[in-house]
Amino acid sequence: MKAGDIVLTKIPQDNQQKIRPVLILKVLPKYNDYLVCAVSSQLH
Amino acid sequence: MRSFCFLFLSGQASQPKPLCGVNPPNFHDNLFNSYMPGQTNKYFGQRPDYKKMRLPDTGISGKVLVILENSLMKNITLHIDYETKPEKLAGSLKSQKPDRGDKLIVNSVLNEELTLIILLSILYFWNEGKMQYANEVLKDIFSTKGNKEIQDEIAKEYGIEIEIKSSAEKNEWLRFSREKLAGAYGDREPDYDMNMVKEPNPDYKQK
């Protein structure tokens, strides 16, 4: 996985976890954590 | 255990003899002025219950190192959350036997003002003789005095250092974050299934 990929991952919502698509923004150094942005069809 | 206290005493090689007790004024001077520079508690007056010691017979010349376990200043930690009962915390405080020079660390999910009020209740239960003082501080909390100033005054009155670690702001950000994240999806929006992916990544190898 690399920055720019869209992947499915579990996101906490209402005290449970649901699978949602997220956009990988950056792989953070040291622990290789991923900075992501959740993708939603809901418009605000 | 916050720090070690070292007391250096001289012995004589030719005439070994036991040393019984320690002179209180020298004890305090040596312990907190000479051998702990920068580590003394700024609210510390004089610990009244100095520990009498008896050193074993020794022929060692020079310096004898003594660690005064019962006289070490200690850290006492209290946790305050939304279901905290002051009398229970006061019991916890009493059981840890706070003494002058100790440090009281208060971890709280509440903001500093509310934490100070609860802390005051705790200290009141701990030492009911200071009821009048507690009333005065309560007035200060509702006046223009700053939290830090009130905190310092309480610390001086009780002879203990106080550190409040409030996580109220962090919790508020987490709550805000959860709320916005929940709002990003519909209430009954199901999990995003693999079958809903319109353009699968050809490089992705499904396990």
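## A walk through the two chains

Start by selecting B:Ser95, which counts as exposed because its relative accessibility is 55% (exposed means over 50% relative accessible area, buried under 20%, and partly exposed in between, with a 1.4 Å probe and protein chains only). You are looking at a predicted model, where local features need pLDDT of at least 70, side-chain atom pairs count only at pLDDT 80 or more, and totals for chains, interfaces and linings use all residues. Residues are numbered from 1 along each chain as its sequence is written, chains are lettered from A and ligands numbered from 1 in the order in which they are written, and side-chain values use heavy atoms, with hydrogens and water left out.

B:Ser95 belongs to helix H2 (residues 86-95) of chain B; helices here are DSSP runs of H or I with at least four residues, strands are runs of E with at least two, and both are numbered from the N terminus. Show its side chain and you will find it 2.7 Å from the backbone oxygen of B:Ser92.

Next, select B:Thr115 in helix H3 (residues 112-126) of chain B. Is this residue buried or exposed? B:Thr115 counts as buried, because its relative accessibility is 0%. Beyond its neighbours within four places in sequence, B:Thr115 is in contact (heavy atoms within 4.5 Å) with B:Ile80, B:Val106, B:Ser108, B:Leu110 and B:Ile164.

Now bring up both chains. Their contact takes 16 residues from chain A and 14 residues from chain B. Between them the chains bury about 1,200 Å², with 51% of it on carbon and sulfur atoms; buried area is the accessible area (1.4 Å probe) that two parts lose on being put together, summed over both. Highlight A:Leu8, A:Gln13 and A:Arg20, which supply 36% of the area that chain A buries against chain B, more than any other three residues.

On to the largest pocket, with about 910 Å³ of space. A pocket is an open set of points on a 1 Å grid over the protein atoms alone, where a 1.4 Å probe fits, with protein on both sides within 12 Å along at least five of seven lines; lining residues have an atom within 4 Å of a point. Of its 25 lining residues, A:Ile6, A:Val7, A:Leu8, B:Asn201 and B:Tyr204 are the closest to the centre. Colour strand E1 (6-13) of chain A, which gives the most to this lining, with four residues.

Finish at the second largest pocket, about 150 Å³ in volume. Among the residues lining it are A:Arg20, A:Pro21, B:Tyr185 and B:Met196.

Conventions. Grid points are joined across faces, edges and corners, and a volume is the space filled by probe spheres set on the points. A polar contact is a pair of N or O atoms within 3.5 Å; within protein, one must be able to donate a hydrogen and the other to accept it, and residues adjacent in sequence count only if both atoms are side-chain atoms.
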